[in-house]
Amino acid sequence: MKRRPARLFLPGPTEVHPEILTAQADRLIGHRGPEISELLASVQPRLQSVFQTKNNVYISTSSATGLFEAAARSSIDQRSLCCVNGAFSARWAEVVEANGKSLDVLEVEWGEPITPDRVADALGRGDYDAVTIVHNETSTGVTSPVGEIVQAVREQAPKALVLVDTVSSMGGIDVPVDRWGLDVCLTGGQKCLALPPGLSFVAVSERAHARAATIPGRGWYFDWLVFQRYLEKWQTPTTPAITLLYALDRQLDRILDEGLTARFDRHAAMADHVREWSLERFDILAPEPYRSDTVTAVVNTRSVDVDAMNRYLAEHVDMIISNGYAKLRDRTFRIGHMGDHTVPEIETLTAAIDGFLEN
Ligand SMILES: Cc1ncc(COP(=O)(O)O)c(C=O)c1O
């Protein structure tokens, strides 16, 4: 018989609570009937609470990369500055280019943060109408100070829209969308929100809607204005992943019942434990104070065989972690401490890794 998969301590997709898995098994409803409108109207204010925003939060039946494409088409007119400090920010730049938009890349070494002074400096060298930034680079475990970066953008290039990927931070690290003034803030379900993969979410500011209206060739599937038109009727433009919406409905309650502050504190406590553990045995790729509260990229200073370690972890504690990503594949391994995981679970995980290291 096929073995049941081990619990995921990856930096996404992460483990999904049984109650949320079960929620997907309900009978389907039509996507143009009153039930779906009731459901979408009821999830919207809760999504806005999680995003800490009054902006519309659109639900896309796509993975988060779809929203990279959306942001490129709906929010970049002439030229964008793409900040790159890891694999996902590099992908976003690639998506911008693939959509025929002009861009310059502000590249810093993988493992380093994007900082306000670097952004201000780069903005001074060109004329940009948008800036793309990944808040939490999942490939390196680096969190960049987006709130301060937005201030730098406002001073240096007031017309530039700030487009932010919070794929591996929303719901795990404090991202006050309105207080920071993010024009576009996108995330995926399968990370800190601990949903099954397949839905992504984006908060779009009034400024970004106004800009979209002036940009030709936005396409249709990912156009902010199409999303808006349908949200006004409490619908989605196309048939949504209805069963994932059931999961979202339940999980938003679980998240808000826990409370955002408690959720961020739990992520910080898990990260503290992993950091302390890692520094005693290995090293951490990210420098202080930019170490992520949701994923740690541990520098594999002992050349541990990560596949063998995962086999051991699966067998002994029913858990697995992740390899390094892309060019960091062999140099690092990554522990995802995101979603609904708890400190005791993370302690069990690191104790089991110790067991493997001793063997
Ligand atoms: C920071 C970040 N951005 C974007 C993505 C792409 O998300 P998806 O695989 O949902 O398209 C990921 C996936 O791991 C990510 O970690």
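How many nonpolar, polar and charged residues make up the shell around the ligand? By class, the shell holds five nonpolar, five polar and three charged residues, where Ala, Val, Leu, Ile, Met, Phe, Trp, Tyr, Cys and Pro are counted as nonpolar, Asp, Glu, Lys and Arg as charged, and the others, Gly among them, as polar. The model is a predicted one, in which local features need pLDDT of at least 70 and side-chain atom pairs count only at pLDDT 80 or more, whereas totals for chains, interfaces and linings use all residues. Residues are numbered from 1 along each chain as its sequence is written, and side-chain values rest on heavy atoms, with hydrogens and water left out.

Among the 13 residues around the ligand, those that come nearest are Ser 63, Thr 65, Thr 138, Asp 165 and Lys 191, a residue being near a molecule if one of its heavy atoms lies within 4 Å of it. Helix H3 (64-75) and helix H4 (87-98) each contribute at least two residues to this shell, and H3 gives the most, with three residues; helices (H or I, at least four residues) and strands (E, at least two) are DSSP runs numbered from the N terminus.

An oxygen atom of the ligand lies 2.5 Å from an N or O atom in the side chain of Ser 63, and an oxygen atom of the ligand is likewise 2.5 Å from an N or O atom in the side chain of Lys 191. For Asp 165, a side-chain N or O atom is 2.6 Å from a nitrogen atom of the ligand. Taken alone, the ligand exposes 390 Å², of which the protein buries 88%, with accessible areas computed by the Shrake-Rupley method with a 1.4 Å probe.

Across the whole structure, 21 salt bridges are found, each defined as a side-chain nitrogen of Lys or Arg within 4 Å of a carboxyl oxygen of Asp or Glu. In one of them, the side chains of Arg 7 and Asp 318 meet at 3.8 Å, N to O. This pair links distant parts of the chain, 311 residues apart, with Arg 7 in strand E1 (residues 7-8) and Asp 318 in the loop between helix H12 (306-317) and strand E13 (319-320).

Most residues other than glycine have a negative phi, and most peptide bonds are trans. The peptide bond from Gly 12 to Pro 13, however, is cis, with omega near -5°, and Pro 13 lies in the loop between E1 and helix H1 (18-23). The bond from Glu 288 to Pro 289 is also cis, with omega near 0°. Trp 234, in the loop between helix H9 (224-231) and helix H10 (242-258), has a positive phi near 55°.

Key. A polar contact is a pair of N or O atoms within 3.5 Å; within protein, one must be able to donate a hydrogen and the other to accept it, and residues adjacent in sequence count only if both atoms are side-chain atoms.
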